[in-house]
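Here is a short note for someone opening this structure for the first time. Please read the points with the model in view.

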Amino acid sequence: MNAALLENDASMAANARAAQRVARAWAALALVEDPEIPAVSVVDLGLIRCVTARPDGVLEVGLSPTYVGCPATEVIRHFVTESLSAADIGSFVVTSVLSPAWSSDWISAEGRRKLLLYGIVPPEHSSTMRDGLRGDRPVGCPRCHSTDTERTSEFGSTPCKALHRCRACLEPFEYFKCI
Amino acid sequence: MSVAVANAGRTDAEARDLFCFVLRLGDLSLVLGQRLGEWVGHSPALEEDLGLANIALDMIGQARLLLSYAGEIEGRGRAEDDIAFLREHGEYLNPILVEMPNGDFGQTIVRQVLIDAFQLEMFERMAASADQRLAAIAAKSVKEVRYHLRYSSGWLLRLGDGTAESHARVQSALENLWSYTVELFAEDDLDKAMADRGVAPRLSEVQAAWSQRIGEILAEATLDRPKDRPHSWHGKRGQHSEHLGYILTEMQHLQRTYPGARW
């Protein structure tokens, strides 16, 4: 075997190892629950922007805040670091990614399903729609599915949610704001 | 204010300008966030308590991003908390409007509409700033500011077009606060330099858009637009009303009494 082939083999092996680390990192991240909405993971919410093996051997995990003032942001960062530390992925760094700004459009289909099951109505697609921003669209009740609902408060228990009430079954419920 | 280290290819003078400009934006958010926080536990209804507290949180979030950046530009190792809690009265560069007392709920709402509309027009344009960090902060914040304005203008419509009492109160608050809006758009050398370098939009452009938007909201709220009168306020240059002193006394108490205290 000549030197070029050996080198090629070595680089393929390195690539495979990097891919394994990235996969293990994603698996570890999928276990990190949102501290305020434990029904969904940080991956479901679209908060993980990238997991990249850098040339210097460090695995870079890009994390986005939902709202700039969300008090959960630091707790999330802590849990992410903790979960990655236990995942046998070698050296890593968690960076904060501000641009492009996080959007509720990035919540995965799986995340939307879990939110609804948990009793929180997922945000409208898409955040750029004027209707969604102005809140003119009826939000369906997560329990009885009636669209005869009203908003009772623009703001809720966390920065990402608003309060609504169903006029049909009279139950209050939360709506994940469209942003 | 002296800036020790120029970075990212900036000259000392450019770094000093950018530092001051970022402080203007960051201090606006910080002081208004602190003001709104005073409502927690005192709002007219639970929903409004949540609303004002949430907006306050977003403001503090903006301040954290901006003051951290200011610290990096300055290059003297000051972190966001050092800048927020350990500066003196005259080193704050926020416009005076945000330090005005909360008054009643109506006055808080009037102040909020005026500032939300200002931040909206400012950040929408600053999302295209030549300074990438500021562009990212603006693009992130503008989404939240749009929501703030939806809340504050919704209340202004209800209060302005509500009862005779609510109308009279918000009209009076508007008369009281209107003159302080002049400062938001009074372009000085720093504002001009920032616009020339493509860091910030021209304030005249921001003012035109703000004025139109505010005009529409006031008309819908059946409120009279106060007359513009010449005023010179210089909060942006560190000359403040007496109110800021009281705000800082409360805000800085913990860090002044127990230096370096952490959660």
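1. Start with a helix pair in chain B. This is a predicted model. Helix α5 (residues 132-160) of chain B and helix α6 (residues 164-178) of chain B have axes that come within 7 Å. The axes cross at roughly 125 degrees. Angles from 65 to 115 degrees count as roughly perpendicular and those over 145 as roughly antiparallel; α5(B) and α6(B) are therefore oblique to each other.

2. Which residues make that contact? From α5(B) come Leu156(B), Leu159(B) and Gly160(B). From α6(B) come Ser166(B), His167(B) and Val170(B). By type, the residues of this contact between α5(B) and α6(B) are three nonpolar, three polar and no charged.

3. Stay in chain B for helix α4 (residues 105-126). The helix has 22 residues, and at 1.5 Å a residue they should span 32 Å. The end C-alpha atoms of α4(B) are 30 Å apart, which agrees. Is α4(B) largely enclosed or largely open? Of its 22 residues, 19 are buried, so α4(B) is largely enclosed by the rest of the structure.

4. A residue is buried if 20 or more other C-beta atoms lie within 10 Å of its own. Glu121(B) has 25 such neighbours inside 10 Å, so Glu121(B) counts as buried. Val206(B) is 85 residues away along the chain, yet the two C-alpha atoms are separated by 5.8 Å. Leaving out residues up to four places away in sequence, Glu121(B) touches Val206(B), Ala209(B) and Trp210(B).

5. Now turn to the sheet in chain A. Four strands form an open sheet in the order β4-β7-β6-β5. The pairing is mixed. Which strands stand at the edges? They are β4 (120-121) and β5 (149-153) of chain A. Each has a single partner strand, so one side of each is left without a neighbour in the sheet.

6. Follow the pairing of strand β7 (residues 172-176) of chain A. With β4(A), the strand runs parallel, joined by two bridges. Val121(A) has Tyr175(A) of β7(A) as its bridge partner. With strand β6 (residues 161-166) of chain A, β7(A) pairs in the antiparallel sense over five bridges. Here Arg165(A) stands opposite Pro172(A). Four of the five residues of β7(A) are buried, so the strand is mostly covered.

7. The hairpin of β6(A) and β7(A) has five residues between the strands. In this hairpin, Leu170(A) takes a positive phi near 65 degrees.

8. A loop residue of chain A also deserves a look. Ile107(A) lies in the loop between β3 (92-96) and α3 (109-118) of chain A. Is Ile107(A) buried or exposed? Ile107(A) is buried, with 23 other C-beta atoms within 10 Å. Val43(A) is 64 residues from Ile107(A) in sequence, but 8.3 Å away in space, C-alpha to C-alpha. Beyond its neighbours within four places in sequence, Ile107(A) is in contact with Asp44(A), Leu45(A), Gly46(A), Arg112(A), Pro122(A) and Pro123(A).

9. Finish where the chains meet. Chain A gives 15 residues to the contact and chain B gives 22 residues. On the side of chain A that touches chain B, α4 (130-134) and β5 of chain A are the elements that give two or more residues. The residues on this side of chain A are eight nonpolar, five polar and two charged.

Note on methods
Residues are numbered from 1 along each chain as its sequence is written. Chains are lettered from A and ligands numbered from 1 in the order in which they are written. This is a predicted model: local features need pLDDT of at least 70, side-chain atom pairs count only at pLDDT 80 or more; totals for chains, interfaces and linings use all residues. Axes are lines fitted to C-alpha atoms, for helices over the stretch in contact, and angles run from 0 to 180 degrees between N-to-C directions. Angles under 35 degrees count as roughly parallel, over 145 as roughly antiparallel, 65 to 115 as roughly perpendicular and the rest as oblique. Two residues are in contact if their C-beta atoms, placed from the backbone, lie within 7 Å. Ala, Val, Leu, Ile, Met, Phe, Trp, Tyr, Cys and Pro count as nonpolar, Asp, Glu, Lys and Arg as charged, and the others, Gly among them, as polar. Two strands pair if DSSP finds at least two bridges between them. The expected span of a helix is 1.5 Å times one less than its number of residues. A residue is buried if 20 or more other C-beta atoms lie within 10 Å of its own, exposed if 12 or fewer, and partly exposed in between; C-beta atoms are placed from the backbone.
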